[in-house]
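Thanks for coming. I will go through one model this morning, so please bring it up on your screens.

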Amino acid sequence: MAEDGAVTLYKATSITDAKKNSFSIKAGLAQMLRGGAIVEVSTLNQAKIAEEADACCLVITEPNCQGISRMPDPSIIKQIKRCVLIPVMARSRVGHFVEAQILERVGVDYIHESEVLAIADENNFINKHNFGCPFVCGCKNLGDALRRVREGAAMIRTQGALLGTGNIAETVKNVRSVMGEIRILNNMDEDEVFAFSKEIAAPYDLVAQTKQMGRLPVVHFAAGGIVTPADAALMMQLGCDGVFVGSEVFDNGSDPYKRVRGIVEAVRHYNDPHVLVENSCGLEEEMAGLNVSEETMEPFGEGGA
């Protein structure tokens, strides 16, 4: 434990002695994705478009999956890995450590333990320290995030809407929740941190480190409804390290490369209005199929706001 009372997370023994790969290495691999856009793809053509648009990583998903959602077919992963040079990520169901074992054996660079898929274990997450591959996990608040880090997650993804509608409201709400709790923590006296860690049901040492760093102790991305350069820049200005882009960017319009490239540029230059204007021009028609119907929208001010 460090002299100031915060655990140094990137030391191998700060959480547990990993069997295959120290946590510091996995956290470093996740750090390599900071400032980038991770794009969800389901075909080789989409993967090539995302790579050409300079995505930092690909999330491979099963195309046209009906019924129970599971990890993608390993043959699809192998096919895409042979044809691209950027890192590849694949999803496993929450708690399904055998799917994670298969994905690690296939050779993915990152494993995404995803609530987007059907949940295999309702009570337990995967013990990610048993794997050499870095894991990505979702959260909706600070307590969720730090519990996943304790389990071995090297990257946290704040999740919003899962429907692929292009509605970013839920993502903004959850990112603001995480950032707001961190600001509250930063202003606390040391004596108050014990009670706060109990309140959010998170490990005290990680809560203390979050207070020391003024941010999550691992890479923090946002996902859900991010389909325009403005959406991506919003997430970055709220304090995220990068964004996940859903496969819906390939489903509408005639130029998916332009959309993905615009989002990548917005992540890199999120504080430069000139770049944002340039990459936002001409996207209205491309986004036509990603509008939320009035029936699915909650009127502003309702729901406790």
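Which residues have the most contacts inside the largest nonpolar core? First, the ground rules. This is a predicted model, where local features need pLDDT of at least 70, side-chain atom pairs count only at pLDDT 80 or more, and totals for chains, interfaces and linings use all residues. Residues are numbered from 1 along each chain as its sequence is written, and side-chain values use heavy atoms, with hydrogens and water left out.

Now the core. A nonpolar core here is a set of buried Ala, Val, Leu, Ile, Met, Phe, Trp, Tyr and Cys residues joined through side-chain atoms within 4.5 Å; buried means under 20% relative accessible area with a 1.4 Å probe, protein chains only. The largest one has 50 residues, and Val41, Met235 and Val243 have the most contacts inside it. Helix α10, residues 256-268, gives the most to this core, with five residues. Helices are DSSP runs of H or I, at least four residues, and strands are runs of E, at least two, numbered from the N terminus. A separate second core has 22 residues, including Val178 and Leu206.

Next, the barrel. Eight strands close in the order β1-β2-β3-β4-β5-β6-β7-β8, with parallel pairing; two strands pair if DSSP finds at least two bridges between them. Strands β1 (residues 37-41) and β8 (residues 242-245) are joined by three bridges, and Val39 stands opposite Val245 in β8.

Last, Thr61, which sits in the loop between β2 (57-60) and α3 (74-83). Thr61 is buried, because its relative accessible area is 9%.
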